[in-house]
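Hi,

Here is the structure I promised to pass on.

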Amino acid sequence: MRRLLTLGVLAAAFSALALAESWSGTLIDSACAQSQKTAACTPTDSTTSYALRTSAGQTYKLDSQGNTKAAEALKTRADRSKEPNSMATAKNTPVSATVNGTMEGTDTIKVDSVSIQ
C-alpha cells in the first residue's frame, strides 16, 4: 500500500512538470504597460510587477512569485557587473527573458523560473 501511494505521488509530480511551458520575449513593467499602452516599458529598480511580451505581441503577467524571481534575476544578471547601480546598462534597453511555468487563466504565468539573456 505504501509503495502504491509513493508511486502515485511521484506520478502526479512528474505529470505536473510535464505541463510546464516556456515563453521567451521582453520583460516589461506590467503597471507601465497597462497604464500607458506603449512598448517602451523597460523595468526599473522600482518595478514591482512584471510581464512578458512575446514576439507574437502577446503580453502575459507574472504571478507574485514570478515578480520576485524576475526582480532577483534582474539584480543578478551578468551585465550589471559593469554598472552595478543601474537596472539596465542603458535607459530603455529591452530586457530579453525566458520564463518557465504554467498558464493560470488566460493572461498570467505561474512562474517556476526566470532567466535573463
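Below is what turned up, starting with the overall layout.

A quick word on the basis: this is a predicted model, where local features need pLDDT of at least 70 and side-chain atom pairs count only at pLDDT 80 or more, while totals for chains, interfaces and linings use all residues. Residues are numbered from 1 along each chain as its sequence is written, and side-chain values use heavy atoms, with hydrogens and water left out.

The chain has three helices and five strands (DSSP runs, H or I of at least four residues for helices and E of at least two for strands, numbered from the N terminus). Along the sequence they come in the order α-β-α-β-β-α-β-β. Of the 117 residues, 34% are buried (under 20% relative accessible area, 1.4 Å probe, protein chains only).

There is one disulfide in the whole structure (a pair of cysteine sulfur atoms within 2.5 Å). It links Cys32 and Cys41, with 2.2 Å from S to S, and both cysteines are buried. The torsion about that S-S bond is about -65°, so the disulfide is left-handed.

Cheers

Conventions: Buried means under 20% relative accessible area, exposed over 50%, partly exposed in between (1.4 Å probe, protein chains only).
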